[in-house]
Amino acid sequence: MSSRDDILASIRANLPRVERPLPHVPLFDDDPPASLLSAFKESLHRMGGVFLDSPTSADMLAPVRAKIADAKIVCSTVPEIAGNRDIADVGAPRDLADVDFAIVRASFAVAETGSVLLSDADLRVNGVAYLAQHLIVLLDPADIVVNLHHAYRRPEFRDRHYASFHTGPSATADIEGVLIHGAQGVRSLSVLPIARAVGNLTH
Amino acid sequence: MRIGLFIPCYIDAFFPKVGIATLELLERFGHDVDYPRDQTCCGQPMANSGFNAECADTEALFVRNFSGFDYVVSPSGSCVHHVRDNFDAIEQTDEVKEVRARTFELVEFLHDILKVDAFPWARFPHRVGLHNSCGTLRGLKHALPSELHEPFFSKPIDLLSKVDGIEFVRPARPDECCGFGGTFSVFEEVVSTKMGYDKVRDHAQAGAEYIVSADSSCLMHQQGCAERIGVPLKFIHIAEILNGASA
Amino acid sequence: MSTIRERIDSAMLHPELRAEGDPDAIIRDGRRLDHAEGTSKPLRPAPEPQPRGAKVRGNRPIDQQEAAARFIAATEHEKMHDERLWDLRQKRDREMHGIPEWEELRSLASAIKEHTLTHLDEYLDQFEANARSNGIHVHWARDAAEHNQIVHGILRDHGATSLIKSKSMLTEECGFRHYMASVGIEVIETDLGERIQQLDNEDPSHVVVPAVHKLRTDVAEVFAHTIGTDPGNSDVHYLAEAQREATRPLILNADAGMTGANFVVAETGTFVVCTNEGNADLSANVPKLHIASIGIEKIIPRLEHLAVFVRLLSRSALGSPMTQYTSHFRGPRAGGEMHVVLVDNGRSERLGLEEFWTSLKCIRCGACMNTCPVYRRSGGLSYGATYSGPIGLIIDPTFNARKYSNLPFASSLNGSCTNVCPVKINIHEQIYAWRRVLVNQHEVPLVKKAAMKAAGALLSRPAAYRAAIAAADTALAHLPRFVIYNGLNAWGKHREVPHPPKQTFHSWYHANRGAKR
């Protein structure tokens, strides 16, 4: 008998003989916030993330440009803005070790927790969201869902091989509870609210 | 109603005034209270340590003493919790089940059964820290424990707030265990006493003059700790305050 | 900013010239120099040494009390540990109050887990089928040894000699690092707390915050000896940055990565890993090879159930709404390979224990540890087991009844753990039940058994009992014997004994109400 067979046989022999029906899980969305974007922003701030306010000028990406102005290596996976490291040229993830800023677009976000969902389709090379020193995330406000119950109905969890909620930057407080940003992953995570591009934008 | 008074071993030996206050309090409400002479213990010390077989005879004795009463009332939450929720070393006959179901701790008896709404003879103009023992709090559900998200309630506060002059202080950790824990108090003596030191210091820094509880076992442990480290607190059982004790 | 190496190279004194515990001293010929205005002894007190965990002697029962006493004696460590974990408990309460449906979520989580466990074989089958169809290699390991061999086999097949990993209590259970060392594979923990513990050759003390028992000065000492930081600098940001920089090249060059899993979804063949650092995602997404070690009890039926658990996990564990990273793995990435090792190691047997099978609901949040007044004052290492605190008390005896026979007695049975458990395990009731089991299996000291028998005999005989406590002075001598087995000493070591009153209640009643009868 294989280990698999052994284990399954052991389980079957030991199954508790009690009735335990699977409960129905509600969506818990009876009292949604007035503005999903405001709720998301507040949650994001609580979790150490930065919300880049929409610029007053015509250039929607001005806050991002300001952030990356002094960066040496910028890797962008979005058509709205160009970097100087093309993700398409990346052979191995470790080629991204010197990236200062990575710019990606989230599939969607969750107001309850301030999380953005980044899938392998958004990232192209998954490692980019962890090896860059800083992460900038473009988010279409129309893509914000109210809570996690709604989030798990999204197709990304059935279609993608990798889908990760990012809720603020990398953090730890393993030493005496002192909060650190950039424990191992990105030192900062900034979100720019900007609708998805329709057609091509000039850089 | 016929009430059987259960005075557990350690109250019998160390805190007889708690037994006296309980008896007098029940009599104030005009009830017929009996004290079966052959009572000893509920069996908890043995059961608490896993020695269930060894407490069978003691549990059987308890049932023989208290069979036939309308209510069995005791000023000890941990004992009542044991009788109602764990008392299974003996065969569960109808008689045993009756006695178990009719056994009440004093506070819940006054609050839920007698529904007392005044203690006109009681006056206690002091700052008190209320200590709900874990057995009464989480076992007998005397009050809402801070871990749960449910509407607040507290039977001891309901009763004590009817006492003239009483003032409640707010310790930093109102329902953290004080460390008595039955046999834990001697098997894990170092941790037990550290918990006791922390508990009495917490009440002292909150401004308490007295710690009041429905459980003398906790009070006994806390008093021992306070005296050892020189924290000037006084300790009193809820029965004494409700019965009109002045200090 | 200078690198660590530059800073040490440019230091005025070579670290070896500094006295142990006195980083400021100049030592010549073994003597501390104190000429000019120098002090004759260090005025800044040396940092309190870290109390070490329980003494483990083969299979002998762990003496948790002894280790707890040493932890309490280390007053700075105990104070920090107790306050930090109580703060996590308070943060948890704050989160709870912000969620009106909190108790409903707990009930749902408990029900989902109990349903799944009672159909465990079906859901594991379903998970495996879906995972395989997405390209995941699925392995099954009956026990710790088989898990280690399987993982070793996968690494060997890929010629891998270095492995980065994120935190996994299951791998601790399996003695994984020890095994890997014996077969020449370098394992690098990437979670900061786990890395500290690895570098210090010490087990993690808490399921979520592995180095919670350490002061920053302890960490400074560990890092000074292992990654070359300044031993006199215990600034936490400095230490964390040093570890980030030291570990990063190891991550970039590792041959393989390993993670655990917090949840497994049968419906989609997904496993979920939650971290705050993102180190699991680095371990999984940098090397080509990703191995996940997963306990069979981690499974839940569908995606919709995940929402319940993700909402409860971080709030219960740390009082934070969500972990910084919650990652869902459903298949390998292009050019990569993904393996899952499903591990039993006693879980299927535990399923058959009528009083204890619900302990398998545990999602390893650590809330029970944070709230436990005994754990906070003893430190997790005092339990001498992979799992400490309340959950440890109820699962450790299934791994080794003899070695862990004392643990269920290291509890005051206060019940706070049960109330904070997000999956509603009745922990304190199971602790109580374990005491009975251990007594029945004779895993308790004979002296205690004799004392309990004597107590039972005395308390069931009214006349004998009356005689024993009739006089106030004999009461004190006899009564504690009902509850102890080593004399009055245990009660009176650190607290005053109760004052014996003039007469017992029984005597008073006889004198004042006896006529009634």
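Which residues touch the most other members of the largest nonpolar core? In this predicted model, the core holds 277 residues, and A102(A), V128(A), A132(A), V137(A) and F309(C) are the ones that touch the most other members. The largest share of this core, nine residues, is supplied by α13(C). Around A102(A), leaving aside residues up to four places away in sequence, the residues touched are C75(A), V128(A), A129(A), A132(A) and L135(A). Two of these, V128(A) and A132(A), are also named among the residues of the core with the most contacts.

The helix α13(C) leads on to the contact between chain C and chain A. This contact takes 56 residues from chain A and 68 residues from chain C. On the side of chain C that touches chain A, helix α13 (residues 303-318) of chain C gives the largest share, eight residues. Classified by residue type, that side of chain C consists of 31 nonpolar, 21 polar and 16 charged residues.

Chains A and C are also joined through their strands. Strands of a sheet pair through backbone hydrogen bonds, and the pairing may be parallel or antiparallel. Here, strand β9 (residues 162-166) of chain A and strand β11 (residues 325-329) of chain C run antiparallel and are joined by five bridges. Within this pairing, Y162(A) has F329(C) in β11(C) as its bridge partner.

Chain C has a further contact, with chain B, to which chain B contributes 57 residues and chain C contributes 58 residues. Several helices of chain B each supply at least two residues of the side that touches chain C, including α1 (9-14), α2 (16-28), α8 (134-139) and α12 (216-229). The helix that gives the most to this side is α11(B), with seven residues. The side of chain B that touches chain C comprises 27 nonpolar, 17 polar and 13 charged residues.

Within chain C, attention may turn to helix α10 (residues 216-226), whose buried residues are D218(C), V219(C), A220(C), E221(C), V222(C), F223(C) and A224(C). Just after α10(C), the backbone at G228(C) adopts a positive phi of about 75°.

Chain B is divided into domain 1, covering 2-113, and domain 2, covering 127-242. Taken over C-alpha atoms, the centres of these two domains of chain B are separated by 22 Å. The contact between them takes 26 residues from domain 1 of chain B and 22 residues from domain 2 of chain B. On the domain 1 side, α1, α2, α3, α5 (77-85) and α7 (106-113) of chain B each supply at least two residues. By class, this side of domain 1 of chain B has 13 nonpolar, nine polar and four charged residues.

Chain B also contains an open sheet of four strands with parallel pairing, in the order β2-β1-β3-β4. Since β2 (32-34) and β4 (103-105) of chain B stand at the edges and each has a single partner strand, one side of each is left without a neighbour in the sheet. From one strand to the next, the twist averages 35°. The partner of β4(B) is strand β3 (residues 71-74) of chain B, to which three bridges join it in a parallel arrangement. In this pair, V73(B) is bridged to F104(B) of β4(B).

Terms used:
Residues are numbered from 1 along each chain as its sequence is written. Chains are lettered from A and ligands numbered from 1 in the order in which they are written. This is a predicted model: local features need pLDDT of at least 70, side-chain atom pairs count only at pLDDT 80 or more; totals for chains, interfaces and linings use all residues. Two residues are in contact if their C-beta atoms, placed from the backbone, lie within 7 Å. Ala, Val, Leu, Ile, Met, Phe, Trp, Tyr, Cys and Pro count as nonpolar, Asp, Glu, Lys and Arg as charged, and the others, Gly among them, as polar. Two strands pair if DSSP finds at least two bridges between them. A nonpolar core is a set of buried Ala, Val, Leu, Ile, Met, Phe, Trp, Tyr and Cys residues joined through C-beta atoms within 7 Å. A residue is buried if 20 or more other C-beta atoms lie within 10 Å of its own, exposed if 12 or fewer, and partly exposed in between; C-beta atoms are placed from the backbone. Axes are lines fitted to C-alpha atoms, for helices over the stretch in contact, and angles run from 0 to 180 degrees between N-to-C directions. Domain bounds come from an automatic or database domain assignment.
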